[in-house]
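Let's take a friendly look at aromatic rings and their partners. Please have the sequence and the 3D view open as you read.

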Amino acid sequence: MQVQLMSYGALTDVTGSEVFELEISQQSVTVAELKLILLARYPALEGKTFRIAVNERFVVDEFEVLPGVIIALMPPFSGG
Amino acid sequence: MEMEPDFLDRYQRQLMLGEVGLGGQRALRAARVMVVGLGGLGCPVVQYLAAAGVGNLVLVDADRVSLSNLQRQILYTQKDVGELKVEVARDFVERQNAQIQVSVYTEMLSAENATDLLALADIVVDCTDNFAARYLINDACAAANKPWVYGSIAKFEGQVAVFNALMKSSADESQEILVSQSSDESVIRSLNYRDVFPNPPGEGEIQNCAESGVLGALAGIIGSIQGMEVMKWILGLKGLLANQMLTYNAINHSMVKFQLRENAD
């Protein structure tokens with residue numbers, strides 16, 4: 001399946017782009033499984049603090065990711 | 001509360017709004033707002049709140065103005081370099097709006113003084129640039145049952161949210177209404193920062209403006225949104241960024257409101 005991935009803040013430096021399509025071999029994965037897929041693709045995500053949102057709602061690890069959704073990788077910001 | 005004789009003239013542009021009016025102006029006048037951090041975000045927050053007639057401002061910052069602040073901290077001028085930010089800000093507010101009571105604290109917010117300082121305010125605005133201060137504000141506000149307005153920037157992006165506000169829940173989240181007093185059991189607090197990010201990132205993991213750079217106008221935009229949320233909270237307006245986090249991107253001007261309440265199904 002294909003999902004759209006959007007990265008925010010400094011995570012854009014890790015993924016290399018603010019918005020891109022991500023191809024996943026399964027037809028549905030949990031958010032926990034998605035994190036493992038992302039870690040394999042972007043090893044620099046290891047140890048980074050961020051939340052995952054699906055279609056603009058923050059989700060828990062058990063949430064099921066379905067084809068066509070928009071995934072956001074959201075870190076906390078620091079500057080003021 | 002006694003309003004100054006010229007208030008109808010001074011606040012005419014906002015008094016004419018149905019959402020403000022005389023009652024709203026009195027609420028603004030009675031409000032006590034604490035601004036922690038008088039940098040890029042804190043400057044526009046203080047300036048807009050003072051201009052709108054928010055009656056009591058508590059300013060907390062230990063820093064002095066430096067030359068590198070002037071690029072984005074627009075309350076300060078060259079002659080202020082070396083002066084305490086809270087004192088320059090107090091002088092500014094007194095010139096801008098003499099009716100406003102300003103109290104200033106040059107100590108850093110700490111676990112020791114947070115409870116005493118928070119007792120001086122109804123709502124806190126986080127304009128700090130580090131996670132230690134932000135988690136301290138969050139935990140102290142949670143303990144004191146006070147709402148706080150989060151704002152932060154990273155290069156060309158910003159985040160804003162209102163944490164720990166009293167809300168009356170309804171089946172439809174969009175119909176959530178803000179309440180000022182907890183008088184019945186259906187009243188709940190909106191999510192706080194630890195509900196979103198339970199623990200601070202590792203040392204050096206997330207850069208601040210000194211490390212990653214920022215264009216001053218972004219601090220103005222995000223600080224202005226924080227000021228707007230403070231005024232909406234005081235006025236009891238709908239649409240507060242409670243249980244939501246607004247993100248703004250200054251390159252493509254996209255704004256996204258993320259729903260913070262997790263949905264497991």
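What follows is a short tour of the aromatic contacts.

This is a predicted model, in which local features need pLDDT of at least 70, side-chain atom pairs count only at pLDDT 80 or more, and totals for chains, interfaces and linings use all residues. Residues are numbered from 1 along each chain as its sequence is written, chains are lettered from A and ligands numbered from 1 in the order in which they are written, and side-chain values use heavy atoms, without hydrogens and water.

Over all chains, a search of the whole structure turns up 11 aromatic pairs. Rings of Phe, Tyr and Trp (its six-membered ring) pair if their centres lie within 6.5 Å; planes under 30 degrees apart count as stacked, over 60 as edge-to-face and the rest as tilted. Two of the pairs are these:

| Pair | Type | Centre to centre | Angle between planes |
|---|---|---|---|
| A:Tyr8 and B:Phe258 | edge-to-face | 5.6 Å | 85 degrees |
| A:Phe20 and A:Tyr42 | edge-to-face | 6.2 Å | 70 degrees |

A:Tyr8 lies in the loop between β1 (2-7) and α1 (11-15) of chain A and B:Phe258 in strand β11 (residues 255-259) of chain B, so this pair joins two chains. Here, helices (H or I, at least four residues) and strands (E, at least two) are DSSP runs, numbered from the N terminus.

Buried means under 20% relative accessible area, exposed over 50%, partly exposed in between (1.4 Å probe, protein chains only). A:Phe20 and A:Tyr42 are buried too.

Chain B also holds one aromatic cluster, formed by B:Tyr135, B:Trp148, B:Tyr150, B:Phe163, B:Tyr193 and B:Phe197.
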